[in-house]
Amino acid sequence: MDEESTRRYCRTPDDRPPSVERGSKVQACQEEREIAVVPHRKTEEPAAAAAGMAPSDLSCCPSWIRRKVRCSGPRGVVNLLITKVCLLVLLFGVVWSVTGPQCLPGGNMFGLVILFICAVLGGKLVGMIQLPTLPPFPPLLGMLLAGLLLRNVPYITDAVFIDTHWSAALRNIALSIILTRAGLGLDPSALRRLKAVCVRLAVGPCVLEACSVAVVSHFLLDLPWVWGFILGFVLAAVSPAVVVPSMLLLQREGYGVEKGIPTLLMAAGSFDDILAITGFSTCLGIAFSTGSTWMNILKGLLEVVGGVVAGLILGLFLTWFPSEDQEDLVLRRTLLLLGLSIFSVFFTHVIGFAGAGGLCTLVLAFLAALGWKANKAPVAAMVGLSWDVFQPLLFGLIGAEITIAKLNPSTVGLGLACVGIGLVIRLLVTFSLVHFGGFNLKEKLFISVAWLPKATVQAAIGSKALDMAREEGNEVFMKYGLDVLTLAVLAILTTAPVGALGIGLAGPRLLDRQVKDDGEGGTTVPSSNGIGPEKGHVTLESRL
């Protein structure tokens, strides 16, 4: 090719003459041939746009590719179902490729993966049960029942094996996450605003129910006094997993917001759980201590003081490190917070001060949240994501600890009697303690009913005594620990659905409703039981 031809065919786009509109003929020069620019078919443009391709990108593609681009895949529920099934199969495949025989039927990893998948599916199925005007059933019931079925269905039980050490470790990690969320969720401003009624509601029902359960279980189940108080504090905690979603639903509809009832119950619930976990940790340390009674009590007090001091030190550390000028600040804070929380629970267990780990986690999370102030919300959201992973494992593992064939019918019957007596005491004490809080009769009844559900804390700490007894090989303590775990599961199965239904049914009927009055600048006015607003009345909460 000569020099002139080379310049003509290697000409840059800037040197070429401008072309005219699409569909016309481009005349480059007399020596060059005419090039016809054929417009693309317009039927391909929407399909190409839907596939994320420019219309001109398909011109060089074969016809079978253009036909596949025009054919869109499944969407909606079918696409979501296929995606989740693929994720579950991929999870099993990755674990199998890493662990090998451990992921085959009868292996430990196989049992954990199958338990996790079944617990997730069980939670989804129960969460889909939606009755009109009622909050949805808590998904944790489906997770618990999934573990219970895997342990008690013939042939499946032989294939789904879970090592006790792995089970205890995963439950301790879930406990660390629960305590971290509780510490982050504490609201000092709510405590100052609600003051005496919040303290009474958090302390009184928890302590008196624990004491009544301890006394009843001592005489009905022949538990020693310290094990009776362990059982009492396990059963005395209210469940935030049931109360908080129900309160948010009522708050969104305007029920009880005039007197701050949803806010009161959500704030007092965190303090109630902390008190129950503190009492449980102290009694647990005393039960597994050796020596005289006074030395055991002194050791329990030392665990409380040591846990608080360690939490203060670690919480101050988290307020300073990492500094706010670092990249990925939220991620680093979350990793440090969760890492210190899990380490505190496991380390105190190793050194023989198991009761101090929970208090240390609570204090460090609370102090870190105070130091981060408004910036704690993203960290709490990331901690919530980790709870979404460990919640199915926790409730599934708790359900898998119960073998129905080995249960003593008298233990189940007397245990239900203990749970029932404790609930009656809790109802009466709650109704009495909110008597001077400025609530009417219907609101007192609702608060008493809303203070019944039990689930999260019972699942987290219900098996801890049994795990410690297994490590020591003490058959007597293992029997006591199994009784505590059995009653914790019974409490979850009975109070969680009843409490959720009770809150959903009683809320609209017993609480006054605030509705927005569009004619008065968006202010809110109360209506008696949601029947007709009273105009011209601006409440304290709307002014705040």
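Predicted model: local features only at pLDDT ≥ 70, side-chain atom pairs only at ≥ 80, totals over all residues.

**Entry 1: the whole chain**

I began with contacts (heavy atoms within 4.5 Å), and residues 24 or more positions apart make up 70% of those in the protein chain with a separation of 6 or more. Residues are numbered from 1 along each chain as its sequence is written, and side-chain values use heavy atoms, with hydrogens and water left out.

I found 22 helices and four strands in the protein chain; these are DSSP runs, numbered from the N terminus, with helices being H or I of at least four residues and strands E of at least two. The chain has 544 residues, and 44% of them count as buried. Buried means under 20% relative accessible area, exposed over 50%, and partly exposed in between, with a 1.4 Å probe and protein chains only. I also noted an accessible surface of about 27600 Å², with 67% of it belonging to carbon and sulfur atoms; the areas come from the Shrake-Rupley method with a 1.4 Å probe, and for residues only the protein chains shown count as cover.

**Entry 2: the largest pocket**

On a 1 Å grid over the protein atoms alone, a cavity is a set of points where a 1.4 Å probe fits but cannot get out, while a pocket is an open set with protein on both sides within 12 Å along at least five of seven lines; lining residues have an atom within 4 Å of a point. Grid points are joined across faces, edges and corners, and a volume is the space filled by probe spheres set on the points.

The largest pocket comes to about 790 Å³. It has 30 lining residues, and R181, G185, P240, V244 and S270 are the closest to its centre. Which helix gives the largest share of this lining? I found that α12 does, with eight residues. Helices that each supply at least two lining residues include α8 (164-185), α11 (240-253) and α16 (376-400). By type, the lining has 20 nonpolar, six polar and four charged residues. Here Ala, Val, Leu, Ile, Met, Phe, Trp, Tyr, Cys and Pro are nonpolar, Asp, Glu, Lys and Arg are charged, and the others, Gly among them, are polar.

**Entry 3: the cavities**

I counted three cavities of 30 Å³ or more, and the largest cavity has a volume of about 90 Å³. It is lined by 13 residues, with L175, S281, A354, G358 and K464 nearest its centre. α8, α12 and α15 (354-372) each give at least two residues to this lining.

**Entry 4: three residues**

Beyond four places in sequence, C360 touches G307, A310, G311, L314 and S344.

F161 lies in the loop between α7 (156-159) and α8, and is partly exposed because its relative accessible area is 41%.
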